[in-house]
Amino acid sequence: MPKSGTTAPPRKNPTKSAGTSSATKNSSKPSAPAAPATPAAAPSGSALEIKDTRTNKTYTVPITDDAIRAPDLKKIKTDDPDDLGLVSYDPAFLNTASCRSAITFIDGDKGILRYRGYPIEQLAEGATFLEVAWLLRHGELPTQQEYDQFVHDVTYHTYVHENFRKFLEGFRYDAHPMAMLNSSIAGLASFYPTSRNIFDETERNISIIRLLAKTPTIAAFSYRHVKGLPFVYPDNRLSYVENFLSMIARMSESKYEANPIFTRALEILFILHADHEQNASTNAVRSVGSSHVDPFSAVSAGVAALFGPLHGGANEQVLRMITEIGNVRNVPKFIESVKSGQGGRLMGFGHRVYKSYDPRAKIVKKLADEVFKVVGVDKDLEIALELERIALSEEYFTSRKLYPNVDFYTGLIYRSMAFPMDFFTVLFAIARMAGWLAQWEEMLLDKEQKIARPRQIYIGPTERQFRSKLSRAGIA
Ligand code: CMC
């Protein structure tokens, strides 16, 4: 349970003592919205003074947590009765906070990532994925008893309804596994109609357990479908990651024994990918979930967003790019093509938030070394290292603060574990499910949240008369 009386961390540099509140609990509910802006009414505390040069009026807008509230701008208007007030225009949310969250903290300039205050490096070193999944949702690490119960619950919900076999068998042999995962996760809603009772804590709890438990099963079934292999049912004797690997790789053996290096590597990769505050897919989950749809439908929106090459789909694209480069000799030419804009982007580089380095990429690179020590060096590692070396010394990349992100080296690790390229993003989705669910629940219990519905700046035609361009003949 979160410590009572602690406050949500400020946006910048939260200290350890400030980072323990949970927005999923009432104790940490944000305070009431700040007073709307009124001309020249100075509130106590920090504020922003805005002079509207159209009217020469001055407005004072309160600043809380280094933020102003966009609705406060609405009061800033001209005398025109049609003026609905000022809006803030921020396509792609470059500088807009959509929520107050106590789950994940990122300092992009310093390369810091923490889940509920715990540095990602420490969690990757010592935690299990399910321990992290619990932490993300509940705000505190589980006790032994809580953990055992949680592992038991997740383990015993890994089976999917037998109809799922038929559902998955309906896909083409070459279906992309992310397309299968996306529709299958959405399809789960049809099996659990009571999951629509999202404000019933028991229903929420079982839905969250089901999603954590069944996502690896559906993912593995998709993999086997594409390979033309029989589905392997979950083995309750195994850990979360071992069971997943068993459903992927088991053939005729009675009990699958995963390579412990692969098991630990995958566990670490799942931890690194478990949450990343308001990224595109989490924003999709929150936005769809804000309509109060069931959680299966909400998180399927997350899977859809993750599929894109600018987001989770980048890990697949990195390997495709490296394969296309083909030889370390071709790297300078490729880099030139990126710089000139002819060759597309350097996949696995750049990040909206990280402007020094992605702390996950550091851990992944070290992990790759450990995995390659066991299975041998990936044939394309040399190309990846050369891409990184050149990019880090070229002005084009350094001036834009483009550094390797989490996806740059993960593909090489996944390939060394014999996962096909189009399955990489599915591995990301299994892990991110933990974050999506924690963020979905936090959004749902946040009294300030409403259905997500942005404004727009209309740039289309003004009113005009309808005159059809169609021939009227044949139209009833
Ligand atoms: N290669 C070459 N140029 C790039 C790259 C790249 N990977 N990323 C950004 N740029 C350039 C971009 O062309 C622009 O240049 P200019 O100012 O001259 O127009 C400048 O850098 C800023 O780019 P942006 O598109 O405004 O940046 P963004 O914050 O909107 O995009 C990003 C972030 C991650 C989508 C982008 O860096 C990118 O496309 N990277 C490659 C795809 C990738 O690796 N995605 C995985 C992200 S991390 C894991 C995840 O989120 O799933």
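**Stop one: a helix pair**

Select residues 201-227, helix α6, and residues 240-249, helix α7: they pack at an angle of about 20 degrees with their axes 8 Å apart. That angle makes α6 roughly parallel to α7 (the term covers angles under 35 degrees). Turn the view and you'll find α6 passing α7 in a right-handed crossing, meaning the near helix is turned clockwise from the far one by less than a right angle. Axes here are lines fitted to C-alpha atoms over the stretch in contact, with angles from 0 to 180 degrees between N-to-C directions. Helices are DSSP runs (H or I, at least four residues) numbered from the N terminus.

A word on ground rules: this is a predicted model, where local features need pLDDT of at least 70, side-chain atom pairs need 80 or more, and totals for chains, interfaces and linings use all residues. Residues count from 1 along each chain as its sequence is written, and side-chain values use heavy atoms, with hydrogens and water left out.

**Stop two: the ligand**

Next, show G348: one of its backbone N or O atoms lies 2.8 Å from a ligand oxygen atom. At G312, a backbone N or O atom lies 3.3 Å from an oxygen atom of the ligand. Finish on Y396, where a polar side-chain atom lies 3.1 Å from a ligand nitrogen atom.

Terms used. Polar contact = N/O pair within 3.5 Å; in protein donor to acceptor, adjacent residues only side chain to side chain. Helix = DSSP H or I, 4+ residues; strand = E, 2+ residues; numbered from the N terminus. Parallel < 35°, antiparallel > 145°, perpendicular 65-115°, else oblique.
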